Amino acid sequence: MPDYGSPTVRRRRLAAELRRLRERAGFTGDEVAERLGWSASKISRIELHRTGIKQPDLLSLLDLYGIDDQHRDDLLALARESTKTGWLETVAANVRGDYAALLRAEAEAQSVWNWEPQVIPGLLQTPEYARAVMLGWHQMFDVPPGDVERRVEARLVRQQVLERDPPLMVSAVIDESVLRRRLGDNSVMRGQLKRLSEVAELVNVTIQILPLSGDHVIGTGAFIYWKFAQVHDIPLHDIVNVEHLTGSWYIEEEEDTYQYLKTFEALIATSLAPRDSLHLISRIARETWSS
């Protein structure tokens, strides 16, 4: 079992498993509520991970669903882990809700696929580049200066997943225009492209550049695709994050996440190979941002 993760995402995992077990047992939410003397809304809140579940209530559900001892122990362990607090929850408490959700999902994920046509992916940003990105928001929307620094700090904390044990497996496809788009001065851009070259040498990171030349049919904006390992033999389905101007959408239905999976596979197929991508990054750093 991984020793990393987010209590919030563990609660999401537990909620999804409880819904699956209820459906496998052939009960509706109303029937469970009637059997246990609960309200139907209580069942709904638990299964939609809008509230935690106390151990006696969890045991009542597991008895009703006829769960064997081994799976019962796994679910009880997951429930205990969903109530713990640590460094991640402390950091998440200081940023807006949708970004906190991103931090939590990323901490729990086994692998991430990231398509980025506008800026360097957050997991790969230098502090100076991240600050330049945040300052753009500050100037446009009059965000409090303290919020900028909190977001930069949270972004750097995010990057710890690259060096955890086991590390997050990262595959990033970046549009070539991102390497040529100025954020900060030339030194910021040089430092950022140097960082890309360095992090691409990690065994758990693959960076590919989608070149400006050639025919590309991918018309979607940026997205992040997370895959999760089993925890206590309990799975969690893939999740896609799509950022928009005022927040993020989280896509979880398999029919929808599958379309993003196929889109990312197409992006990989039409991008430069990793070694060729590194050569392009170095050339742009030298030719565009050297002075």
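## About the model

Please keep in mind that this is a predicted model, in which local features need pLDDT of at least 70, side-chain atom pairs count only at pLDDT 80 or more, and totals for chains, interfaces and linings use all residues. Residues are numbered from 1 along each chain as its sequence is written, and side-chain values use heavy atoms, with hydrogens and water left out.

## The second largest pocket

Rolling a probe the size of a water molecule over the atoms shows where empty space is left. A pocket here is an open set of points, on a 1 Å grid over the protein atoms alone, where a 1.4 Å probe fits, with protein on both sides within 12 Å along at least five of seven lines. The second largest pocket holds about 550 Å³ of space, a volume being the space filled by probe spheres set on the grid points, which are joined across faces, edges and corners.

Its lining has 17 residues, each with an atom within 4 Å of a point. Ala16, Arg19, His237, Glu252 and Glu253 lie nearest the centre of this pocket. Helix H1 (residues 7-25) gives the largest share of the lining, with 7 residues; helices are DSSP runs (H or I, at least four residues), numbered from the N terminus. By type, the lining has 10 charged, 5 nonpolar and 2 polar residues. Asp, Glu, Lys and Arg count as charged, Ala, Val, Leu, Ile, Met, Phe, Trp, Tyr, Cys and Pro as nonpolar, and the others, Gly among them, as polar.

Side chains of opposite charge can pair when their charged atoms come close. The structure holds 13 salt bridges, each a side-chain nitrogen of Lys or Arg within 4 Å of a carboxyl oxygen of Asp or Glu.

In helix H1, Arg20 and Glu17 sit 3 residues apart, about one turn of the helix, and their side chains meet at 2.7 Å, N to O. Glu17 is buried, at 3% relative accessible area, while Arg20 is partly exposed, at 37%. Buried means under 20%, exposed over 50%, and partly exposed in between (1.4 Å probe, protein chains only).

Arg19 pairs with Glu23 at 3.2 Å, N to O; these two residues of helix H1 are 4 apart, about one turn. Arg19 is partly exposed at 41%, and Glu23 is partly exposed at 46%.

## A bridge from H1 to H3

Which residue forms a salt bridge with Arg22? The partner is Glu47, with the closest N and O atoms 2.7 Å apart. Arg22 lies in helix H1 and Glu47 in helix H3 (residues 40-47), so this pair ties together parts that are 25 residues apart in sequence. Both Arg22 and Glu47 are buried.
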